[in-house]
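Please brief me on this structure.

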Amino acid sequence: MNLTFLEYSTYYSLAIISFLINILSRYLSIKLGRMIGDFIRIFIPIRKKVAIQNLKIAFPNKSIIEINKIIKQCYRHFGIVFIDLFRFPTLNQKKLIHLVKIHKKDLELLRENKGGIIVTG
């Protein structure tokens, strides 16, 4: 497979970014993700107007202040998800135990082996 210079440089740039992000603690990576979300919300407000319109339709009783707060939280969330994508390759079972919470009742249902649908958020 012959890769172009652009493909090589993209790959190695992303590998370096991933390495640097993985040096950070979970706390700092969440902070960084929030900052990236804030940066995008302020300087690259992709679909922000559409989001405001949709939220006004979905929540007609909410004020513009509440709608802007929801949008801010969404952009921050997507910033955190973006950072987590870089951290994903280094996750192991020990790290996942600290990130994922499964309630006892859910474990009991899983042990019944009846099948089902798992919904996360």
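**Helix packing and local contacts**

In α1, Leu 14, Ile 17, Ser 18, Ile 21 and Asn 22 meet Ile 83, Phe 86 and Arg 87 of α4. By class, this contact of α1 with α4 has five nonpolar, two polar and one charged residues. The model is predicted.

**α1 against α4**
- Helix α1 covers residues 5–23, and its axis comes within 8 Å of the axis of α4.
- The two axes cross at roughly 100 degrees.
- That angle makes α1 roughly perpendicular to α4, because angles of 65 to 115 degrees count as roughly perpendicular.

**Helix α2**
- Helix α2 runs over residues 26–43, which is 18 residues.
- At 1.5 Å a residue, α2 should span 26 Å.
- Buried residues in α2 are Ser 29, Gly 33, Gly 37, Asp 38 and Arg 41.
- The cover over these buried residues includes α3 (48–58) and α4 (64–87).

**Glu 7**
- Glu 7 sits in helix α1.
- Its relative accessibility is 39%, so Glu 7 counts as partly exposed; that class lies between the buried limit of under 20% and the exposed limit of over 50%.
- A polar atom of the Glu 7 side chain lies 2.8 Å from the backbone nitrogen of Thr 4.
- Glu 7 and Phe 43 are 36 residues apart in sequence.
- In space, Glu 7 and Phe 43 are 27 Å apart, C-alpha to C-alpha.

Key:
Residues are numbered from 1 along each chain as its sequence is written. This is a predicted model: local features need pLDDT of at least 70, side-chain atom pairs count only at pLDDT 80 or more; totals for chains, interfaces and linings use all residues. Side-chain values use heavy atoms; hydrogens and water are left out. Helices (H or I, at least four residues) and strands (E, at least two) are DSSP runs, numbered from the N terminus. The expected span of a helix is 1.5 Å times one less than its number of residues. Buried means under 20% relative accessible area, exposed over 50%, partly exposed in between (1.4 Å probe, protein chains only). Contact means heavy atoms within 4.5 Å. Axes are lines fitted to C-alpha atoms, for helices over the stretch in contact, and angles run from 0 to 180 degrees between N-to-C directions. Angles under 35 degrees count as roughly parallel, over 145 as roughly antiparallel, 65 to 115 as roughly perpendicular and the rest as oblique. Ala, Val, Leu, Ile, Met, Phe, Trp, Tyr, Cys and Pro count as nonpolar, Asp, Glu, Lys and Arg as charged, and the others, Gly among them, as polar. A polar contact is a pair of N or O atoms within 3.5 Å; within protein, one must be able to donate a hydrogen and the other to accept it, and residues adjacent in sequence count only if both atoms are side-chain atoms.
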